[in-house]
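Hello,

Here is the structure I promised you. Please open it first, then read my notes below.

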Amino acid sequence: MCTGLVWDNYPGGGGDYKLALALADGADDGGYVYVDTTLRLLQQARLTEAGFHRAIAQMKAKGWLTVIDANECLFRLGPPRETSPLRRDTPSATKLSLVR
């Protein structure tokens, strides 16, 4: 579901769009994704490390990526939520197994 949401609704393109698709691939239906390393995301999105950080910043600025935990490992991917507060309880978050 999350991949289709990105395909249909993500504003713009480029590295942040490719990263959004890579994150969506591992996200649960609510858009929650746990990222423990970045190597696989870099490969999927075909980004350099600098491009990855730029894409993360662009996604945050567009409101499409919200950091859930203090270590920036759990994210919510999706369009900005204007009417409902961000839920802190995310028991169904999918953990991406990213191996270096």
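Which residues in helix 4 are buried? They are Gly51, Phe52, Ala55, Ile56 and Met59. Buried means under 20% relative accessible area, exposed means over 50%, and partly exposed lies in between (1.4 Å probe, protein chains only).

Before you go on, a word on the source. This is a predicted model, where local features need pLDDT of at least 70 and side-chain atom pairs count only at pLDDT 80 or more, while totals for chains, interfaces and linings use all residues. Residues are numbered from 1 along each chain as its sequence is written, and side-chain values use heavy atoms, with hydrogens and water left out.

**Helix 4**

Helix 4 covers residues 49-62, which is 14 residues. Helices (H or I, at least four residues) and strands (E, at least two) are DSSP runs, numbered from the N terminus. From first C-alpha to last, helix 4 reaches 20 Å, close to the 20 Å expected at 1.5 Å a residue. That expected span is 1.5 Å times one less than the number of residues.

Now back to the buried residues of helix 4: Gly51, Phe52, Ala55, Ile56 and Met59. They sit on the same side of helix 4 because they cover an arc of only 140 degrees around the axis. The arc is taken from the directions from the helix axis to the C-beta atoms. Arg54 and Ala61 are on the other side, and they are exposed. Histidine 53 is also in helix 4. With a relative accessible area of 47%, histidine 53 is partly exposed.

What do the buried residues of helix 4 pack against? They pack against helix 2 (15-26), helix 3 (39-45), strand 2 (65-67) and strand 3 (74-77). Contact here means heavy atoms within 4.5 Å.

**Helix 2 and helix 4**

The axes of these two helices come within 8 Å and cross at roughly 85 degrees. That makes helix 2 roughly perpendicular to helix 4 (angles of 65 to 115 degrees count as such). Axes are lines fitted to C-alpha atoms, for helices over the stretch in contact, with angles from 0 to 180 degrees between N-to-C directions. On the helix 2 side, the contact includes Leu19 and Leu23. On the helix 4 side, Phe52 and Ile56 are among the residues met.

**Two positive phi values**

Glycine 63 follows helix 4, and its phi is positive, near 85 degrees. Arginine 46 has a positive phi too, near 55 degrees. Most residues other than glycine have a negative phi. Arginine 46 lies in the loop between helix 3 and helix 4.

Best wishes

How values were computed: Parallel < 35°, antiparallel > 145°, perpendicular 65-115°, else oblique.
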